[in-house]
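Please examine the following structure before reading the briefing. The notes are grouped by topic.

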Amino acid sequence: MTRYLELVSPAGTPAALRAAVDAGADSVYCGFQDSTNARNYPGLNFDADDLRTGVAYAHGRGTRVFVAVNTFPRAGDPGPWRAAIDAAAKAGADAVILADLGMLDYAANHHPGLRRHLSVQAAAASPLAIRFYAETFGVSRIVLPRVLSVAEVAALIADTGIEAEVFAFGSLGTMVEGRCYLSSYMTGRSPSCDGVCAPAEHVSYREEEGQLVSYLGRVMMNRVDAGESAAYPTPCKGRFSVRGEERYLFEEPTALNVIPLLAELKSAGVTALKIEGRQRSRAYVATVVAAFRGILDALAAGKPLPDTAALRAIAEGGRETFAAYAKGWR
Amino acid sequence: MAETEFPVLLAGNMLSLLPAAFTTRSASLVLRRLERQHPRLFATLAAHPPAAIGIEPTDLPHRFLLRFGGHSLSLAAVPHFTQTPNAIVRGRLAALVALLEGRLDSDAAFFARDIIVTGNTEAIVSLRNALERDEVDLFASALDLFGPGRRMARRAMLALERGLAFARRRAVLRHEALHAERQEKSPLAAHCARLEQEFHALSARVSRIEVLARRRGQIGKAT
């Protein structure tokens with residue numbers, strides 16, 4: 001069967017990697033157990049042995065493995081990031097997902113045979129930036145930031161001819177990715193250098209007056225009533241009091257879901273669909289990958305689309321959005 | 001993923017009847033069995049800084065205190081927590097077991113308020129992620145305690161579970177039949193249901209219009 005679009009699944013653990021492969025992912029992305037990747041949560045991620053075993057499992061079933069080394073090295077401390085790229089190459093990964101210029105240069109010079117994908121953390125959203133990364137470091141694929149409309153995605157691909165991967169499902173960040181300092185300001189740990197937004201040790205929940213109240217450090221981020229969906233207290237999804245009105249100031253706790261836009265994204269020249277959620281469970285991975293696999297196979301075969309109601313149940317906040325893909329304003 | 005679904009009705013009934021001390025003893029035996037089957041999981045938890053997680057099944061009389069880290073691990077049934085645990089997770093026994101076995105997405109259960117988490121999340125995130133790495137089958141581990149009688153115990157438990165599920169369904173139907181005549185339909189609920197239907201119809205219509213408009217280039221372009 002002709003592939004409609006490549007399906008790229010997250011894997012926060014070896015068990016999630018197996019779940020993704022078994023559910024029909026074309027590619028899986030994962031990271032190491034340190035600050036070299038943007039999902040550095042306690043107990044999550046892979047060590048070198050996990051990655052070797054995971055790559056063997058995936059390759060044995062025709063699935064590719066990408067390794068995210070997509071945070072920015074701390075000043076004077078590039079060692080862990082270089083080691084992560086070396087370990088990914090040694091394990092037989094199919095690509096590394098990079099954001100930092102220095103690490104792109106390192107990978108291009110030390111592992112020229114290893115594909116380099118540009119992470120969304122690099123926030124490259126103009127033809128000039130994309131051409132720079134492609135021509136200077138031989139970047140083969142770019143993961144486009146989640147701030148573009150479908151028309152803008154199409155224009156970028158047409159202009160640069162780059163292989164593009166776009167987010168298809170999962171949690172949303174806000175503003176320009178890789179350049180958010182809200183969590184750093186509130187917790188002292190940086191999403192871009194430590195790989196963790198709203199670190200678990202700073203997150204707490206309390207029940208107060210019948211409401212679930214979430215805190216990031218000492219800052220209250222939200223309070224939800226008994227019948228309301230709960231959410232993570234990430235700073236961009238906090239509910240703030242603005243001019244006397246309590247509302248989500250930056251971003252609402254919703255999940256991206258582009259299923260109704262798949263035909264448009266394919267027409268736009270997109271190569272791959274990325275599912276967000278390395279911090280989510282293997283049950284989430286299996287559910288989302290299976291749903292998208294069913295949809296993509298049905299589209300490829302020209303068959304009626306299967307029901308995907310299960311996706312809403314696992315979406316952040318229990319709600320879905322097209323996000324910037326369908327926004328008319330800029 | 002676990003191959004069989006945990007017989008949660010049977011377990012709930014048994015745990016409701018058994019004294020806390022017996023439940024603690026049984027939990028220790030199951031933990032010891034799990035430790036042999038999942039050495040890496042237990043090594044990870046042992047290496048964690050000492051933490052205590054309170055587990056409150058809302059459909060059981062017992063609470064449980066899970067202590068891990070500092071090279072020890074224990075699970076005890078307690079009437080109440082003498083000291084505030086680092087975090088407390090509360091939900092129905094079925095949801096808690098499904099989380100333990102990785103059959104349920106913990107974030108989705110949290111968003112939907114099927115489970116409530118309070119306290120500091122660091123220890124609970126570590127525990128969740130450690131459990132996610134290993135595919136724990138709690139029912140299989142509990143059955144192992146029966147030794148050579150494992151298969152027979154499994155058959156008996158699943159038969160009892162089916163019986164309990166059947167009895168529960170009948171009780172629910174009988175309850176509904178008894179109260180059907182006395183139930184007055186709330187005009188507000190009917191109005192809300194109607195509004196919800198209209199909302200869904202309008203949402204679907206707006207989505208279709210948006211897709212058509214984008215195709216015609218009326219929206220979605222940078223301005």
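Which domains does the domain assignment of chain B give? The assignment gives domain 1 (8-164) and domain 2 (190-216) in chain B, the bounds being those of an automatic or database domain assignment. This is a predicted model, in which local features need pLDDT of at least 70 and side-chain atom pairs count only at pLDDT 80 or more, while totals for chains, interfaces and linings use all residues. Residues are numbered from 1 along each chain as its sequence is written, and chains are lettered from A and ligands numbered from 1 in the order in which they are written.

**Domains**
- In chain B, the centres of domain 1 and domain 2, taken over C-alpha atoms, are separated by 43 Å.
- Chain A is divided into domain 1 (6-172 + 254-326) and domain 2 (182-248).
- For domain 1 and domain 2 of chain A, the separation of the centres over C-alpha atoms is 26 Å.
- Domain 1 of chain A contributes 15 residues to the contact and domain 2 of chain A contributes nine residues, where contact requires C-beta atoms, placed from the backbone, to lie within 7 Å.
- The side of domain 1 of chain A that touches domain 2 of chain A has four nonpolar, eight polar and three charged residues; Ala, Val, Leu, Ile, Met, Phe, Trp, Tyr, Cys and Pro count as nonpolar, Asp, Glu, Lys and Arg as charged, and the others, Gly among them, as polar.

**Interface of chains A and B**
- Contacts link 35 residues of chain B with 38 residues of chain A.
- On the side of chain B that touches chain A, at least two residues each come from α5 (106-111), β5 (115-120), α6 (122-133) and α9 (187-215) of chain B; helices (H or I, at least four residues) and strands (E, at least two) are DSSP runs, numbered from the N terminus.
- The largest share of that side, seven residues, is supplied by α6(B).
- That side of chain B comprises twelve nonpolar, twelve polar and eleven charged residues.
- β8 (residues 203-208) of chain A pairs with β5(B) in the antiparallel sense over two bridges, pairing being assigned if DSSP finds at least two bridges between two strands.
- Asn120(B) in β5(B) is the bridge partner of Ser204(A).

**Helix packing in chain A**
- Helix α3 (residues 79-91) and helix α4 (residues 101-110) of chain A pack at an angle of about 40°, with axes 10 Å apart; axes are lines fitted to C-alpha atoms, for helices over the stretch in contact, and angles run from 0 to 180 degrees between N-to-C directions.
- Trp81(A), Arg82(A) and Ile85(A) of α3(A) make the contact with Met103(A), Tyr106(A) and Ala107(A) of α4(A).
- The residues of this contact of α3(A) with α4(A) are five nonpolar, no polar and one charged.

Conventions:
Two residues are in contact if their C-beta atoms, placed from the backbone, lie within 7 Å.
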